[in-house]
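Could you take me on a walk through this model, one selection at a time? I have the viewer open and would like to know what to click on next and what is there.

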Amino acid sequence: MIDGAAFMGVGFDGRGKYSPESRKISIVQRNCANMATYDGVDVPDTMNVHGIYDTSASLMTFESREEYQKQLQEEAGVSGSYFGFSAGVKEAWGESTASSRQKYMAVMDVDVDRYEIFMDEVKPQDLSMSFLREFMNLPTSYFSAGGPLKYR
């Protein structure tokens, strides 16, 4: 199955790094019954792929941990120190903020877009059974008894 399809229609735990370990649940099923392929790889029936082949690169340098964290927050469109940014900055920069020497960090991003993948209209039969079970077990309101715990 094409790599990008594994991340479409997935719920992640947003309180940490986005990684296979933070993946929580697949919302849609990925069936390849229609035998669609792109570049020799299967494409799920509910998705379409279009080849674009676009490449870009950028290099950024940071003189402080705070500067790096601010860039991550701006890139994600949020403000404040949230769990994911704090953990990501500590992992990249190191735990300690005090040092007798100056630290610099450089981040080089190279994006190679080979294709864009789109999810078609999602019908009830396309939803995964485990997601439907969890969804149906949620309280009708976040503010009901035990709601905040179940909506985590």
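Start by selecting Glu121, which sits in the loop between β6 and α3 (129-136). Helices (H or I, at least four residues) and strands (E, at least two) are DSSP runs here, numbered from the N terminus. Glu121 is exposed, its relative accessible area being 60%. For that scale, buried means under 20% relative accessible area, exposed over 50%, and partly exposed in between, with a 1.4 Å probe and protein chains only.

Two notes before moving on. This is a predicted model, in which local features need pLDDT of at least 70 and side-chain atom pairs count only at pLDDT 80 or more, while totals for chains, interfaces and linings use all residues. Residues are numbered from 1 along each chain as its sequence is written, and side-chain values use heavy atoms, with hydrogens and water left out.

Zoom out for a moment and colour by secondary structure. The chain has 152 residues, of which 22% count as buried.

**Stop one: the aromatic pairs**

There are four aromatic pairs to look for. Rings of Phe, Tyr and Trp (its six-membered ring) pair if their centres lie within 6.5 Å; planes under 30 degrees apart count as stacked, over 60 as edge-to-face and the rest as tilted. Select Tyr38 and Tyr115: their ring centres are 5.7 Å apart and the planes meet at 65°, so this pair is edge-to-face. It joins distant parts of the chain, with Tyr38 in strand β3 (residues 37-38) and Tyr115 in strand β6 (residues 105-119), 77 residues apart. Both Tyr38 and Tyr115 are buried.

Next, pick Phe62 and Tyr68. Here the ring centres lie 5.2 Å apart with the planes at 65°, so this pair too is edge-to-face. Phe62 has 4% relative accessibility and counts as buried; Tyr68, with a relative accessible area of 11%, is buried as well.

**Stop two: the salt bridges**

Switch to the charged side chains. The structure holds two salt bridges, each being a side-chain nitrogen of Lys or Arg within 4 Å of a carboxyl oxygen of Asp or Glu. Select Asp39 and Arg114, whose closest N and O atoms are 2.8 Å apart in a salt bridge. Asp39 lies in the loop between β3 and β4 (41-42) and Arg114 in strand β6, so the pair ties together parts that are 75 residues apart in sequence. Asp39 is exposed at 53% relative accessibility, whereas Arg114 is partly exposed at 37%.

For the other bridge, select Lys70 and Glu74, with their closest N and O atoms 3.8 Å apart. Both lie in helix α1 (residues 65-76), four residues apart, about one turn of the helix. Lys70 is partly exposed, with 49% relative accessibility.

**Stop three: the surface patches**

Show the surface and highlight Asp54, Glu75, Asp109, Asp111, Asp113 and Glu116, which gather in a patch of negative charge. Patches are made of residues with over 30% relative accessible area and no salt bridge; like charges are joined within 9 Å and nonpolar side chains (Val, Leu, Ile, Met, Phe, Trp, Tyr) within 5 Å. Lys and Arg count as positive and Asp and Glu as negative, while His and the chain ends are not counted. The place of a charge is taken as NZ of Lys, CZ of Arg, CG of Asp or CD of Glu. Strand β6 gives the most to this negative patch, with four residues. Glu116 lies in β6 and is partly exposed, at 38% relative accessible area.

Now highlight Leu59, Met108, Val110 and Val112, a nonpolar surface patch with about 430 Å² of accessible area together. Accessible areas come from the Shrake-Rupley method with a 1.4 Å probe, and for residues only the protein chains shown count as cover. Again β6 supplies the largest share, three residues. Val112 is in strand β6 and is exposed, at 54% relative accessible area.

**Last stop: two backbone angles**

Most residues other than glycine have a negative phi. Select Met35, where phi is near 60°, a positive value. Met35 lies in the loop between β2 (23-26) and β3 and is exposed at 65%. Finish on Tyr53, with a positive phi near 50°; Tyr53 lies in strand β5 (residues 47-62) and is exposed, at 57% relative accessible area.
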